[in-house]
Amino acid sequence: MLTRHRRLALLACTTTLAISFATVAFAQSATTQAKSEEKAEETNKGETYLSPIVAKGGRTADPYAKPGPVSVVTSDQIDLQSGQETDDLLRGVPGTSTANNPQNPGVAVNIRGFEGSGRVNMMIDGVRQNFRFTGHEAQGFAYFDPAFLSEIDVTRGAVTGVGGGALAGSVNFKTYDVEDLIQDGKNYGGIASATYGTNGAGWSESLIGAYRFNDVFSVLGGISKADPGNYDNGNGVEVPFTEEDLLSGLLKFEVTPDKDHTFKLTGVTYDNDFFANSYFQNVKNQTVSASYAYTPDNELIDFRANAYWNRLKMKYDTDIRGGGTAAGRRITDTGKGFDISNTSLFDLGDVAVKANYGVEYFRDDYDVINSTARPGAGVNGSGTNATTGVFSNTTFTYGMLDLMAGLRWDHFSLDGSGAVVAGNPIGLPAGPYTVDKSDGRLNPSVTVALNPTDWFQPYVTYAETSRSPTVNETFAGGTHPGPSGQSFFPNPFLEPETSKGWEIGANFAFDGLLDSSDSLRVKANYFHNRIDNYITAVLLSGGRQIFFANTPGTSTVQGFELQAAYDAGYVFGDLAYTYTDSKLPSQVNGFGVQSYLPENIISATLGARFLEDQRLSVGTRLYAVSNAYVGEINRTPPNVPGYGLVDLFANYKFENGFEVTAQVTNLFDKTYTPSSSTIAGSTIDTGRGRTFLVTAKAKF
């Protein structure tokens with residue numbers, strides 16, 4: 001039965017949706033085509049310049065025109081960093097890093113110091129990647145092939161529409177679509193690419209092509225192969241087991257029977273062999289998704305529906321000695337979900353209104369065998385997580401004022417079972433137990449933005465978010481598979497994490513600043529979040545008993561983020577700076593990894609273009625971080641040193657669609673360990689030493 005609080009919250013969200021639909025119906029006669037054209041013109045402003053974090057020809061509107069902490073890693077930046085890890089792309093975004101193990105090819109996004117267990121919603125083409133894992137690594141990974149990436153969208157903070165339901169933000173890794181490849185009036189298009197790198201990078205190849213049979217039917221297909229070996233750090237010491245063997249594929253069908261209807265069907269497969277967490281492993285990630293869009297010539301209707309199925313299987317083989325107590329581990333996450341939404345534009349007198357509303361549902365079933373060599377060992381539990389989200393986001397525009405009001409109701413359910421021993425620290429009766437719990441929360445958000453001039457847009461936001469406990473946190477159990485003697489325990493009494501936060505920021509847009517054709521874009525914001533019920537590991541009996549628990553009291557995270565881009569054609573550059581002051585409790589290495597960001601992070605790209613039609617681009621990338629706190633519980637002293645890196649790049653585009661990119665990463669062969677990363681038991685710096693990369697790419 002619904003509690004009074006949940007009944008009131010659900011009623012509030014339902015009422016909001018009803019008002020939205022009723023207002024849409026009432027306002028149908030008041031809609032005007034002029035407003036639509038005006039909004040489209042405003043959306044397109046600022047998309048004519050080149051920058052790694054500005055959409056140029058991309059599918060996402062200019063992030064510098066949106067009053068909120070959003071960034072886009074575009075195809076331009078991805079192309080200029082061909083052959084590098086996706087982690088390097090993300091670490092150039094303000095407030096964003098990764099907690100990846102360099103032995104593990106999965107990506108674990110960290111936003112503002114929040115990592116793992118769904119605190120950041122990671123997606124591939126809108127499909128949630130909810131794989132969870134508790135061990136000497138990040139608490140969850142997204143597995144995809146960077147060769148298929150066309151764009152990465154990053155939202156820091158609250159996401160109240162599709163893709164919401166997370167504590168600290170979302171990241172959507174977008175793969176190539178038909179319209180990315182077929183251009184200039186042709187009915188076909190594609191990209192053939194080959195990269196070779198020194199220092200173990202080796203060869204990687206990919207082929208992606210699209211064909212439009214007629215105005216109705218199009219198809220896209222891609223295949224990619226990469227098998228890098230072990231690399232050396234800046235001291236010339238080999239970082240062991242950093243090789244992998246990846247084969248992946250991409251297939252998309254698009255049907256457009258008329259201008260109002262679009263159907264898409266997508267299949268993605270990923271198969272990788274690697275060594276991580278002390279064992280040889282194989283990961284297979286398979287995704288099937290379908291989408292439908294109905295976009296008639298009616299400002300009240302922009303209807304979208306998506307459904308997906310995703311299955312990720314992680315299999316352990318043996319350790320380097322051919323055995324191991326965790327040998328035979330199997331973790332399978334089967335995810336299913338859908339979302340339905342509509343966007344309407346209309347006027348209420350002198351007020352222009354944009355209303356987006358809908359529902360989404362996702363469910364993940366975790367089937368775990370921790371070990372066949374030692375069945376009682378291991379910590380990961382089996383169970384089911386499901387979440388239903390109902391949302392409404394409405395923007396009211398009057399003169400220079402924009403008021404954006406959002407509501408999102410998230411209801412989660414958690415099911416599973418296990419067994420505990422007598423005298424467990426949670427106080428459960430000895431023997432089998434079952435968990436069947438559910439709860440929900442209404443998360444509001446409101447943003448006030450001003451547009452006093454074409455070049456200045458200040459804004460302020462208040463938003464609340466929440467994250468439900470995961471199967472891994474709730475059903476942890478068993479014993480350490482190694483000789484440590486540690487015991488793990490479940491905690492069915494975990495409460496959801498909640499965050500209440502403020503954002504204050506501004507966007508700046510200048511054209512013709514130093515040159516008649518140049519552009520400068522700047523986005524700056526300050527954030528302050530208060531987090532209750534933050535979940536982390538608790539160690540008892542000298543660290544021999546471990547379980548997840550809610551931290552008492554309120555934790556705070558605050559900071560400042562700056563991103564800027566300048567482009568004058570013959571010269572270009574971008575800058576990202578992050579300051580983070582985190583008072584979060586420390587995560588425990590071994591029961592996940594530490595999640596603190598370095599206090600200061602700065603990255604920059606500086607480049608110039610030469611020759612006819614500016615076919616030659618050359619430049620440098622700079623990346624520097626201060627000392628990073630990892631917690632007294634993980635290290636003495638509790639800080640790891642900061643470091644600075646310099647890369648060089650050059651790109652030349654031939655007239656026939658062929659281009660060559662050359663790079664030198666870690667130019668000065670610095671020795672370092674990437675912040676927020678770890679290899680269990682490593683006693684050496686794990687950062688990649690100087691590496692030369694050459695990519696040949698043909699666009700046809």
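Reply: Two strands pair if DSSP finds at least two bridges between them; strands (E, at least two residues) and helices (H or I, at least four) are DSSP runs numbered from the N terminus. This is a predicted model, where local features need pLDDT of at least 70, side-chain atom pairs count only at pLDDT 80 or more, and totals for chains, interfaces and linings use all residues. Residues are numbered from 1 along each chain as its sequence is written, and side-chain values use heavy atoms, with hydrogens and water left out.

Me: In which sense do S1 and strand S7 pair?

Reply: S1 belongs to an open, mixed sheet of 5 strands in the order S1-S7-S8-S5-S6. S1 (70-73) and S6 (127-128) are its edge strands, each pairing on one side only. Between S1 and S7 (residues 149-156) there are 4 bridges, and the sense is antiparallel.

Me: Which residue in S7 is the bridge partner of valine 70?

Reply: Valine 70 has its bridge partner in S7. That partner is threonine 155.

Me: Is serine 193 buried or exposed?

Reply: Serine 193 lies in strand S9 (residues 188-197). Buried means under 20% relative accessible area, exposed over 50%, and partly exposed in between (1.4 Å probe, protein chains only). Serine 193 has 14% relative accessibility, so it counts as buried.

Me: How is the aromatic pair of phenylalanine 114 and tyrosine 534 classed?

Reply: Rings of Phe, Tyr and Trp (its six-membered ring) pair if their centres lie within 6.5 Å; planes under 30 degrees apart count as stacked, over 60 as edge-to-face and the rest as tilted. By this rule there are 30 aromatic pairs. For phenylalanine 114 and tyrosine 534, the centres are 6.4 Å apart and the planes 75 degrees, which makes the pair edge-to-face.

Me: How many residues apart in sequence are the parts that this pair ties together?

Reply: Phenylalanine 114 lies in strand S4 (residues 114-115). Tyrosine 534 is in the loop between strand S27 (519-532) and strand S28 (535-540), so the parts tied together are separated in sequence by 420 residues.
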